[in-house]
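Student: Could you show me how to read the features of a protein structure, step by step?
Tutor: Gladly, let us look at it together.

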Amino acid sequence: MEEFEVPRPPRTNYLNAEYGVKSWLLTKDHKRIALLYLGGISFFFFIGSLYAMAIRLELLTPQADLTQSSTYNKMFTQHGIIMVFFFLIPSIPATLGNFLVPMMIGAKDLAFPRINLLSWYIYMLGGILTIYALLAGGVDTGWTFYTPYSTTFSNSYVIATGLGIFIAGFSSILTGLNFIVTIHTMRAPGMTWFRLPLFIWAHYATSLIMILGTPVIAITILLVAFERLAHIGIFDPAAGGDPVLFQHLFWFYSHPAVYIMVLPAMGVVSELIANFSRKNIFGYKFVAFSSLAIAVFGFLVWGHHMFVASQSIYAGMIFSILSFAVAIPSAVKVFNWTATLHKGSISYDTPMLYGLGFIGLFTIGGLTGMFLASLATDVHLSDTYFIVAHFHYIMVGGTLLAYLGGLHYWWPKISGRMYPEGWGRFSALIVFVGFNLTFSPQFVLGYMGMPRRYHTYPADLVSWQVLHVLSTAGASILGVGLLIPLIYLIWSMRYGRIAEANPWHLPGLEWQTASPPPTQNFYETPIVTSEAYEFAPPEAKEVVGRFERQRPVKI
Amino acid sequence: MAEDLATTQEHAATHSALQHHFENMEQQREAGTLGMWVFLVTEIMFFGGMFLAYTLYRSKYPEAFAVASNHLDIKLGGINTAVLIVSSFTMAMAVFSTQVGKKRNSIIFLLMTMALGLTFLGIKAIEYHDKYRDSLIPGTLIPGRPFNPSPHELHLPPGMPIGNVELFYWIYFAMTGMHALHMIIGVGILSVITILAVRGRFSPEYHAPVEISGLYWHFVDIVWIFLFPLLYLLGRHLAGHLG
Ligand code: HEM
Ligand SMILES: [Cu+2]
């Protein structure tokens, strides 16, 4: 059994290779760009969370205490827009994906480093324009911009916000394009398609959705803007236009977009589950292809958002069946993860806690999706808090947890420092408890009839208020659970324990180079000779006398 | 043979245009080409939204679309179609000339392609101006000149809502306008390529940028090949019989 030398922490790495603001703002290094994104995304997440807290506070009592309905409309709209377009969609791909896609396939950078930097500027420009719109007066259409309200009646900054989203969309397109080309053309020698880590497959599938879906939302927003500007009539029934056409175009992107949010999270979780169980993933090819299946099927189900919007019953039935079908590849993943856990030697480090949390919460989110995909039950549940709970289970319980798990898992590689493990586990627990307390009462509320997007409810329904109070209490706990990592991650950048090159003792390529990595990622192009997640059987470990076996990498 | 390959590869690997993160020229060229193809896919989806709107409203209001379409200038549209087809040919020749190392020819063909592109845009501008004259610009896009054609000149059959005709014109302007924007960008790209060609940047070993720009140019041409019949040729055989 060969032993492989892991490079010692190098004196120069990507973080200290150059100094100064300019060296960051003009960098073409995918790792630095990932950090730029990390900053931007955290900022928008913070703003979005403030709106969330304001919404929860308002709902504490049945009356309107804090806001009038017009202000409330703006609050949930702006919460939704910031969270969806400026946090969830770029979150994992633009930070972890940007950092890791080249490292995991053994490349020096993404295929188009300049376009990568451009995408960050585009994202920030879109974000700043949107923030401007919020400060100037805000927007109140809901994140869905339904016509004709958005085109004709709304008296708010629809065009400026729309333009912000339109611009940010191009950063998504460019990121997807960069990933696809990189994964196709820049894999290290020996890195065949079926040796790719599942994180890469997930990002490949996500990129497909990004390039196929995002242009459609771009043209849709443009049409809304022109309609508002010049009253052309394309979505206006008075001129023969069709407002439901907008809904079709919008959801043709926005349903697949929910998979832009969750597929990369699934990629992270596949890494966490396999690596922290020290086992090869169960059914590698099934997990890999289920990502592609989700990307493809995800494009065929948009009509399930229009079951109660004048869609014909036959179209409704077909969209219902297809929506059930898209749950299959999602379930394949969940079953494969659980099978991977079976008889693994599991360690419950912070990233793994997040990973396990993801599995549970995503399952609940997916199963409640089935309630919504059934025509009859959806008529009752549509536009209630049940919907709100459903998608928060997937977007927060799923994507956000996976994002945090991934951030902790790769933090030693990114920063070269360890985060404090005790605090990590503690806050993971708080997040989990806070999250469930926030959103599980909302299922019940929705089932009982509480509509979404209202800031008051009948005062004589005591059970409603109890549930709302629970939810607001949960949100506060969740908020604390999110603040703790914010503090200790920043703290650890300076004071954390110095991380080894491979602190988790794993075979993945990204662990076979220094922490933090040098600018060119590897000292020499790695040559890959084994599958992803190849852990030595227990006997082999003893022979070697260490707890891990490194994947052979020629250094 | 193997040695030959090794030396050509080495030669390619040290080419001055090789960016640091690629292993060799071949990988760089592949990445660039694939990147352009992927970008063109996004373009198809972008135009796709408008094609969907077109399909929906045309099937909803076939007569209004035919009436409106008959008012487009088929001669100018036809000439423009020919102009673009020829420009695709000259573009292909420019790529070919670069590949075989004929610098002078490649520059001439690039200039011809750009000239044809500009011709197209000029003719398009004349058409737009005619529509402006006839108050056919939809909505209030042009402030002070709302959509207000004379029903007589349009040969509008009695009872047909003018709003449906306006929808056609909106789609016409959205699609051809977006296409024209792409043409302008294309001419911009080609002028950069031409400058690089004049400076002798390209050779049989390194011509990927010319090829990739060519892909873009052909794509924009193909979009027009779809737009022309869909917008200009509706119910031509019925011309004058609708009213
Ligand atoms: C497992 C498969 C899933 C199914 C079958 C499903 C089904 C549905 C259905 C039928 C609706 C519409 C309900 C209505 O408006 O009456 C819905 C809404 C929604 N779903 Fe899912 N879903 C699934 C997974 C996801 C995922 C993975 C995400 C996000 C990452 C997600 C996010 C959303 C959002 C954001 C909405 C609400 C949109 C709005 O009206 O604002 N869903 N889901
Ligand atoms: Cu959906």
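Tutor: We will go through aromatic pairs, charges over rings and a metal site.

Tutor: This is a predicted model, in which local features need pLDDT of at least 70 and side-chain atom pairs count only at pLDDT 80 or more, while totals for chains, interfaces and linings use all residues. Residues are numbered from 1 along each chain as its sequence is written, chains are lettered from A and ligands numbered from 1 in the order in which they are written, and side-chain values use heavy atoms, leaving out hydrogens and water.

Student: How many aromatic pairs does the structure hold over all chains?
Tutor: A pair of aromatic rings is described by the distance of the centres and the angle of the planes. Rings of Phe, Tyr and Trp (its six-membered ring) pair if their centres lie within 6.5 Å; planes under 30 degrees apart count as stacked, over 60 as edge-to-face and the rest as tilted. Over all chains there are 58 aromatic pairs. One of them joins A:W193 and A:Y204 edge-to-face, with 5.6 Å centre to centre and 80° between the planes.

Student: Are A:W193 and A:Y204 buried or exposed?
Tutor: Buried means under 20% relative accessible area, exposed over 50%, and partly exposed in between (1.4 Å probe, protein chains only). A:W193 counts as partly exposed because its relative accessibility is 24%, whereas A:Y204 has 13% and therefore counts as buried. In chain B, B:W224 and B:Y232 also form an edge-to-face pair, 6.0 Å centre to centre with 65° between the planes. Both B:W224 and B:Y232 are buried, and they belong to one aromatic cluster whose members include B:F228 and B:Y172.

Student: Which charged end sits over the ring of B:Y132?
Tutor: A charge sits over a ring if NZ of Lys or CZ of Arg is within 6 Å of the ring centre and within 35 degrees of the ring normal. Over B:Y132 sits the charged end of B:R145, 4.5 Å from the ring centre. In chain A, A:K285 lies over the face of A:F194, at 4.3 Å from the centre of the ring.

Student: Which residues coordinate the copper ion (ligand 2)?
Tutor: Donors are N, O and S atoms within 2.8 Å of the metal (3.2 Å for Na, K and Ca); water is not among the atoms, so sites may look incomplete. Here the copper ion (ligand 2) is coordinated by A:H255 (ND1), A:H304 (NE2) and A:H305 (NE2), at 1.9 to 2.0 Å. The donor residues are spaced H-x48-H-H in sequence. Both A:H255 and A:H304 are buried. The copper ion (ligand 2) and the iron atom of ligand 1 are separated by 4.5 Å.
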